[in-house]
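Dear colleague,

I am handing over the structure we spoke about, and below it you will find my notes on what turned up when I went through it. Please read them with the structure open beside you.

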Amino acid sequence: NIKVKDTKEADDDGTNLGAAHFTSTSHDPVYRFQAPEDGTYRIAVQDLYRSTQASPRLVYRLAIRPESPDFRLIVQPEYPLDGRNAPNPWTPFLRRGGTVRFDCMIFRRDGFAGEVALSVQGLPEGVTCAGSVIGPGQSATRLILSAAEDAPVWSGEIKIIGTARIGDVDVVREARNSTVVWAGNPAVVRAADRVVLSVGETAPLGMTAGVNRVELVQSSQLNIPFQIARREGFTAKFVVTGDQLPPKVTNESVNVADNQTEAIVHLFVEPDAPTGTYTLFVQGAGQVP
């Protein structure tokens, strides 16, 4: 007596980690199947629109394999935004006394949900990076590079490395670079093999945190002091706020007055904030000449 039932239907993978910045949706579905019992299982692969197109490229490829938890990394330099919030072609240029930001996205595979520590190799003299952590279950974080005020002019290749513990093995993966080739919403992007960086001129504004690593408990508050360096005649007011905060962590924006050189950012941890190691960011936003 044969009994037949539909176990699962898998459509296109609609996950988009990079939104308009790096569209990662795919026509390839991914499905985890755990057989409830021994038996014969049938797989049907078909076009759900029942369409026919005369192209030798349109073929089906089916892969069935054991699970192998892993991850891959894509980084993208911070870019200026236009009125449509559309990504533009941009290169990572680090000004002396300032910072440059890389947005880091992780593609998790086969159930890997652990932490990934990010570091940078090949930095030139005068440039530092405190590293970053993609927390448990997170899909993105940021990486901040800082240059001393006397950092020499430089241009070259750097490597952004992600390290994680998967089972009993330390896994190391090098990030690929995402470059915007055509502005839009979403943008047209491509992955490049190398990450490059340039260092030069002086930033009009710099911010330095008074702490680097802290341990918080649920239902607590953290006050982060900041020193503000104004250069090139920059005296205007601006706003400081937390950015890419961990889950269940909030803050209030701080208005920095004209010529003010210190600020305190207050972070609030909710009672049900998930435990883990996270990297959070604080940024200042304002107009400069």
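**A nonpolar surface patch**

On the surface, Ile-43, Val-45, Tyr-60, Leu-62 and Ile-64 form a nonpolar patch whose members together have about 570 Å² of accessible area. Please keep in mind throughout that this is a predicted model.

**The chain as a whole**

The chain contains zero helices and 19 strands, and its C-alpha atoms fill a box of roughly 85 × 50 × 35 Å along the principal axes. Of its 289 residues, 31% count as buried, while the chain exposes about 18700 Å², of which carbon and sulfur atoms supply 49%. Among the contacts between residues at least 6 apart in sequence, 67% join residues that are at least 24 apart.

**Asp-70 and its surroundings**

Asp-70 sits in strand E1, which covers residues 70–77, and it counts as buried because its relative accessibility is 7%, where the cut-off for buried is under 20%. The side chain of Asp-70 makes a polar contact with the side chain of Arg-173 at 2.8 Å, and another with the side chain of Arg-72 at 3.3 Å. Leaving aside residues up to four places away in sequence, Asp-70 touches Phe-107, Arg-108, Arg-109, Phe-112, Ile-166, Val-171 and Arg-173.

**Aromatic pairs**

The structure holds five aromatic pairs. In one of these, the ring centres of Phe-22 and Phe-107 are 6.3 Å apart and the planes stand at 70 degrees, so the pair is edge-to-face. This pair links distant parts of the chain, with Phe-22 in the segment before E1 and Phe-107 in strand E3 (residues 99–109), 85 residues apart. Phe-22 counts as buried at 11% relative accessibility, whereas Phe-107, at 27%, counts as partly exposed. The rings of Phe-71 and Phe-112, by contrast, have their centres 5.6 Å apart and their planes at 25 degrees, so that pair is stacked. Here too distant parts of the chain are linked, since Phe-71 belongs to strand E1 and Phe-112 to the loop between E3 and strand E4 (116–121), 41 residues apart. Phe-71 and Phe-112 are both buried. Elsewhere, ring pairs link Tyr-31, Phe-33 and Tyr-41 into a cluster.

**Salt bridges**

Side chains of opposite charge can pair when their charged atoms come close, and the count of salt bridges here comes to 14. One of them joins the side chains of Asp-103 and Arg-142, at 2.9 Å from N to O. Asp-103 is in strand E3 and Arg-142 in strand E7 (residues 140–147), 39 residues apart, and both residues are buried. Another salt bridge brings together the side chains of Arg-231 and Glu-149, at 3.3 Å from N to O. Arg-231 lies in the loop between strand E14 (220–230) and strand E15 (238–243), while Glu-149 lies in the loop between E7 and strand E8 (154–166), 82 residues apart. In this pair Arg-231 is buried, with a relative accessible area of 12%, but Glu-149, at 53% relative accessibility, counts as exposed.

With kind regards

Note on methods. Residues numbered from 1 in each chain as written. Predicted model: local features only at pLDDT ≥ 70, side-chain atom pairs only at ≥ 80, totals over all residues. Heavy atoms only, no water. Helix = DSSP H or I, 4+ residues; strand = E, 2+ residues; numbered from the N terminus. Buried < 20%, exposed > 50% of the residue type's maximum accessible area, 1.4 Å probe, protein only. Polar contact = N/O pair within 3.5 Å; in protein donor to acceptor, adjacent residues only side chain to side chain. Contact = heavy atoms within 4.5 Å. Phe/Tyr/Trp six-rings, centres within 6.5 Å; stacked < 30°, edge-to-face > 60°. Patch = residues over 30% accessible without salt bridge, like charges linked within 9 Å, V, L, I, M, F, W, Y side chains within 5 Å. Areas by Shrake-Rupley, 256 points an atom, 1.4 Å probe, with all protein chains shown as cover. Salt bridge = Lys/Arg side-chain N within 4 Å of Asp/Glu carboxyl O.
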